[in-house]
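Please look over the structure shown here. The report that follows goes through its strands, helices, salt bridges and ligand site.

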Amino acid sequence: MSVPALQIDALKKTYDNGVQALRGVSLRVEPGDFFALLGPNGAGKSTLIGSVCTLVTPSSGSIRIFGHDLIAERAKALSCIGVVPQEINFNQFETPFEIVVNQAGFYGIERAEAKERAEKNLRRLSLWDKAHGISRALSGGMKRRLMIARAMVHEPRLLILDEPTAGVDIEIRRAMWSYVVDINRAGTSVVLTTHYLEEAEQLCRHIAIVDHGLIVENTDMRSLLAKLDRETFVLDLCQRCDVIPLSSGVQLKRIDDTTLEVEVPKGTALNGLFADLSKAGIEVRSLRNKSNRLEELFLNLVERGQDGGA
Ligand code: ADP
């Protein structure tokens, strides 16, 4: 098996104020993947990403980037990642060219090489014609692209984008993603944190959902979407039911003596099921939709996304 781009094991973080932001997170991102980390505000995403970027010191657990342990081989591990932060954090009085060249300097890339790479990356992000003007004059979308160009200058194998589009309008988001998709196609692994479900859905192959400092789901996007397309009903019966009745097209499950459960594709009519139950002499006292934690979480996320992202 290939070495994972990112491997996190049993990561915990308790802040000084006693908040347990991460309660044992394990995660594996394969090389070449486009991976989404999704979760509501306060879930622990920034703490997780901060730990990978060494901005946060975990209380316990380990992080490996392309096989390099973040503590034992810190410099090697960090040279494998490029980070695009949430907020614009470059000196807006410098030119895009200076910003990218200086970043290369932090990685020990000598100046002539740094200049070449800066040009290559600014061209790649369609910023070359703005390279020598003041960065403050760039549009919001261009500023975010500049942060991607800067993050890519040392040719990291893993690009991490921490909610780079929160509060950014849809056109800027779309334009930005086309560049990130190209970067991923060219072989760079990508981890994206977001609370926009549609964004993750369109871009990512795998997804992990963080909630209250734990991974509550970790799967490929297709399976997740298939799961969200189904709903489960709980049927409370008037009498004991010892044999599971048959009903065409649905699979009933016996939970206890007087409770059955049925999982169906969303929007399925239940008349047939009730007719079959009546035929079998089973009376249903009540029916309720089993709440699906994942679905609730998504509803939450979508609502927040529609609010413009807090
Ligand atoms: P997310 O990025 O998913 O919104 P965070 O990782 O920022 O979540 O926060 C997780 C929890 O940790 C929250 O309860 C937050 O208030 C708390 N937290 C984050 N940073 C700090 C800090 N520096 N000190 C204390 N508590 C923090």
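Strand β11 (residues 230-237) pairs with strand β13 (residues 259-265) in the antiparallel sense, over seven bridges. Two strands count as paired if DSSP finds at least two bridges between them. Strands (E, at least two residues) and helices (H or I, at least four residues) are DSSP runs, numbered from the N terminus. Six of the eight residues of β11 are buried, and the strand is mostly covered. Buried means a relative accessible area under 20%, exposed means over 50%, and partly exposed lies in between (1.4 Å probe, protein chains only). In a regular strand the side chains alternate between the two faces of the sheet.

The model is predicted: local features need pLDDT of at least 70, side-chain atom pairs count only at pLDDT 80 or more, and totals for chains, interfaces and linings use all residues. Residues are numbered from 1 along each chain as its sequence is written, and side-chain values use heavy atoms, with hydrogens and water left out.

**Another sheet**

An open sheet is formed by four strands in the order β2-β1-β4-β5, with antiparallel pairing. Its edge strands are β2 (20-29) and β5 (68-69), and each of these pairs on one side only. Strand β4 (residues 60-65) is joined to β5 by two bridges, in the antiparallel sense. I65 has H68 in β5 as its bridge partner.

**The ligand site**

Which residues surround the ligand? The shell consists of Y15, N17, V19, A21, P40, N41, G42, A43, G44, K45, S46 and T47. By type, the shell divides into five nonpolar residues, six polar ones and one charged one. In this scheme Ala, Val, Leu, Ile, Met, Phe, Trp, Tyr, Cys and Pro are nonpolar, Asp, Glu, Lys and Arg are charged, and the others, Gly among them, are polar.

Helix α1 (residues 45-52) gives the largest share of the shell, three residues. This helix is mostly covered, with seven of its eight residues buried. The buried residues of α1 are K45, T47, L48, I49, G50, S51 and V52. Just after α1, T54 takes a positive phi of about 65°.

| Residue | Part of the residue | Distance to a ligand oxygen |
|---|---|---|
| G42 | polar backbone atom | 2.6 Å |
| A43 | backbone N or O atom | 3.1 Å |
| T47 | side-chain N or O atom | 2.5 Å |

On its own the ligand has 560 Å² of accessible area, and the protein covers 62% of this. Such areas come from the Shrake-Rupley method with a 1.4 Å probe.

**Salt bridges**

A salt bridge is counted when a side-chain nitrogen of Lys or Arg lies within 4 Å of a carboxyl oxygen of Asp or Glu. By this rule the model has 13 salt bridges.

In one of them, the side chains of R28 and E30 meet at 2.6 Å, N to O. E30 is partly exposed, with a relative accessible area of 28%, and R28 is partly exposed at 29%.

Another salt bridge links R117 with E113 at 2.8 Å, N to O. Both residues lie in helix α4 (residues 111-124), four residues apart, about one turn of the helix. How do the two stand in accessibility? R117 is buried, with a relative accessible area of 16%, whereas E113 counts as partly exposed at 31%.K279 and D276 also meet in a salt bridge, at 3.9 Å, N to O. These residues are three apart in helix α9 (residues 271-279), a separation of about one helical turn. K279 is exposed, at 72% relative accessibility. Elsewhere, salt bridges that share partners join R240, D242, R254 and D257 into one network.

F106 is found in helix α3 (residues 96-106). At 68% relative accessibility, F106 counts as exposed. F106 and E263 are 157 residues apart along the chain, and their C-alpha atoms are separated by 55 Å.

Conventions. Near = heavy atom within 4 Å. Polar contact = N/O pair within 3.5 Å; in protein donor to acceptor, adjacent residues only side chain to side chain.
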